[in-house]
Amino acid sequence: MQFQAGPILSKIQSPADLRKLSPAALPAVCHELRQFIIDHVSVNGGHFGASLGVTELTVALHYVFNTPDDQLVWDVGHQAYGHKILTGRQDSFHTNRLLGGISGFPKRSESEYDAFGVGHSSTSISAALGMAVASRYKKEFHKQHIAVIGDGSMTAGMAFEAMNHAGDIPNNMLIILNDNCMAIDPNVGALKEYLTDITTSHTYNRVKDDVWNLLGKMSKFGKSAQEIVSKIENGLKATLLKQSNLFESLNLRYFGPIDGHDVQYLTTVLNDLKDIPGPKILHCITTKGKGYSLAEKDQTLWHAPGKFDKITGEIHKKTFDNPQAPKYQEVFGHTILELAEQNPKIMGITPAMPSGSSLNIMMRAMPDRAFDVGIAEQHAVTFSAGMATQGLTVFCNIYSSFMQRGYDQVVHDVCLQKLPVIFCLDRAGLAGADGPTHHGLYDLAYMRCIPNMIVAAPKNEQELRNLMYTASLDKFKEHQKAMTIRYPRGSGVMPVWRTVFEEITIGKGQKVLDGEEIAILSIGHIGNEAELACQKARSLGLKPALYDMRFVKPLDEEILHEVFSQYNQIITVEDACIQGGFGSAIAEFMLDHGYNKPILRLGVPDDIIEHGEPHELYQLCGIDSENILKKMSDLYPNKTKSASQKVNHV
C-alpha cells in the first residue's frame, strides 16, 4: 500500500530539493518524514524504531553535505529508511523489502546515494576511511566522508580497528556515533557504560558548549589558534570526565554529546565540522523509536514489529483455529533451558541477538550461564572456545550469515584445538525480506571443509531438540569435534514439538519414504518440501524414495551405498548454495566409491538472491515442492504424461 507524503516532503525528490528550504522548515520536514515511515511500515512491515531515531540526523546530513558527491555510509543499514525516502525512492518506498522492490538496506546498485552496501554492522568506519584516503590520493580535497554508526555497531572490534587506523593517517572523515544504547536488544559492555558516563556528566555538558563556541570562533583565525583551543578543549575533556577521552586517545577529535533530535542545532554543528580538517567523531544522543511513543517505551519489540495499527499500536498477528508450529528459534530457546536445567555444564552465548535467537529465555532464568557479548562474532566464538577448554558444554548461537564474520576463529580457535563447541546457526538458508546480506546460504559449504567439525541440519523441531540433546551429552566430547546445527528462520512443522529427548547417532540419517527408481536425498527443513513433492508424485504415477540425511558431515555411508546400489536417479535438495554444499558432498561420495549414477542437485544457484518472502525465494531457486515435483516428472515423462499440466495448474 502506498501513502501520500506531506506537502513539503512530497516535493523533495532529492537532497538538492531539501537544500532549497530554509532552516526554519526543517522541523516540519522531519515531522512529515517520520509520519511517512510510520504510515508505510505499519501497513507493509519492516524495520521501524531505528529509522525513527535518526530522522533529524538524516535530514541534517543531507541538508548540510553535498550528497552524493559527499559520501554517506549508514551503519547499521536498517536505520536508512529516511535516507532512502529523501534520495529519490519516496515513490517506490511502498515496495520496500518486497520481491522486486527496493532493498531494506543501503545498496550500491540501487542508488548513487548509497555509497556502501550495509546489512551486517560495524563496517562504516572502515569503508568511509577507504573512501577518504582514495579521495585524498585523487586530490579531491573538497569531498566529505561521513560514517553514521549506531544501534550497537560500535561494540564490534572492526570499528575499533578502523578508528585506530583513522587516527594514524591523513584523512578527512567524520564519524557520527548515533548513541541510543540499543542494538535490537539493549547494548551491553564497558563501552556502553563509558558513553553513559559522558552523556550524564553534568559538569562536562555545561562546559563543552562554551568550548565548542570558542573553537568555532577561533578556528577561523588560523592554525595556531586552532591548536591553542584544541589543547584547552582536550584538557577540559580529560579533567571533567575524570579519564582520558577514549576517542581522543585514538587521535580522533571528539565533539559532543549533542541532542540528535534538534535538527537545527545539528545543521549548525555539522556545518562547523565541515571546516575542521582531519578525522573527528560527533557523539549524538538519540532515542530509538523517537516520535512513536510505544516504540520509545519498548524498543526491542518495535525494532521490527511487523504490521500494526498505527493509531492503537496493536501489532497484527495471524490467528488460527488449530495449533501452529513454533518458530525454530523458540524451540532452540526453550530446549537449551530445558537441557541446562538437567546439565549444569551447559552455557549459552550470543553476539547481540538474545531475542532474535531466543537465548533470552535462558538469560532470564540463568543470567550467570547465558551471555550476550555484543556485536562481536569473533569474540563470541573464541570466548566459547575458552569456556570449552574448561570442560563446559557451550552452545554458541549465531545467525548463519553473521557466522561468516567469525570463521577464522572457528578454524583456528575451535577446530584446530579439537574443542567441542556447539554452533547453532539460526536463519540458515533463504532468510526472506532481509535479503542477500542476511541469507545464510554458505554454512554447509564452509563448515564441512573444516577438519574436526560435524555438520547437521534438522528436518523438524523434534530433530533440532534431539541434535541439541546429543551434543549436550558428556560422551559427545569424546569425538573431540565441534558441531554445527543449522536451522531456518520462521516456523517449523510440528505443533506438538515438546517430544522426549532421544540421542541421535552422529552421522546417521533416516529413510522417510520407500520408493523405486528415484531417490531424493534432503538435508534440513527443506526436506519438508521434498516430502510434499514425493506425496504429490504418487498421484502422478511416480514413487520416489526420500531420505532425510540429517548430517552433511559425516555422511551416512550405509544409506548412500543403498541409494547408489538400488536407484537409477538421485536428486539432492538443500536450502543452501549449490557450490560445495550437500549435493557436492553426495557427488564426491559417488566418485570416491566408484558409482556412476546421474545426480540432479537442487539448491540455491551461484548467484546473489535478492529479498522476498521465503516461499517466493524457494520457488525462484527451484527448491519448492512444485519445482521438485516437476524435476521428477521431467525425468520420467512416459510415467507422468499429464504431470506438467497438473503441476502448472496447482
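**Briefing: strands, helices and buried residues**

Gln 510 stands opposite Asp 548 in strand β14. Strands β12 and β14 (residues 545–548) pair in the antiparallel sense over three bridges. Two strands count as paired if DSSP finds at least two bridges between them. This is a predicted model, where local features need pLDDT of at least 70, side-chain atom pairs count only at pLDDT 80 or more, and totals for chains, interfaces and linings use all residues. Residues are numbered from 1 along each chain as its sequence is written, and side-chain values use heavy atoms, with hydrogens and water left out.

**The five-strand sheet**

- β12 and β14 belong to an open sheet of five strands, in the order β12-β14-β13-β16-β17, with mixed pairing.
- Its edge strands are β12 (510–513) and β17 (599–604), and each pairs on one side only.
- Neighbouring strands are turned by 25° against each other on average, direction ignored.
- Strands (E, at least two residues) and helices (H or I, at least four) are DSSP runs, numbered from the N terminus.

**Helix α25**

- Helix α25 (residues 614–621) has the buried residues Leu 617, Tyr 618 and Cys 621.
- Buried means under 20% relative accessible area, exposed over 50%, and partly exposed in between (1.4 Å probe, protein chains only).
- An α-helix has 3.6 residues a turn, so residues three or four places apart point the same way.
- His 615, Gln 619 and Leu 620 are exposed, on the face turned away from the buried side of α25.
- The cover over the buried residues of α25 includes α22 (527–538), β16 (569–577) and β17.
- Gly 622 follows α25, and its phi is positive, near 75°.

**Helices α23 and α24**

- The axes of α23 (residues 557–566) and α24 (residues 582–592) come within 11 Å and cross at roughly 70°. Axes are lines fitted to C-alpha atoms, for helices over the stretch in contact, and angles run from 0 to 180 degrees between N-to-C directions.
- Glu 557, Leu 560, His 561 and Phe 564 in α23 meet Ile 586, Phe 589 and Met 590 in α24. Contact means heavy atoms within 4.5 Å.
- The residues of this contact divide into five nonpolar, one polar and one charged. Ala, Val, Leu, Ile, Met, Phe, Trp, Tyr, Cys and Pro count as nonpolar, Asp, Glu, Lys and Arg as charged, and the others, Gly among them, as polar.

**Covered strands**

- In strand β6 (residues 346–350), five of five residues are buried.
- Ile 346, Gly 348 and Thr 350 point one way from β6, and Met 347 and Ile 349 the other way.
- β6 pairs in the parallel sense with β8 (residues 393–399) over four bridges. Here Met 347 stands opposite Val 394.
- β6 also pairs in the parallel sense with β7 (residues 370–372), over three bridges. Thr 350 has Asp 372 in β7 as its bridge partner.
- Strand β4 (residues 253–259) has six of its seven residues buried.
- Five bridges join β4 to β5 (residues 280–285), and the two run parallel. Phe 255 stands opposite Leu 282 in β5.

**His 62**

- His 62 sits in helix α4 (residues 55–64).
- His 62 is buried, with a relative accessible area of 0%.
- Leaving aside neighbours within four places in sequence, the contacts of His 62 include Pro 15, Leu 18, Arg 19 and His 83.
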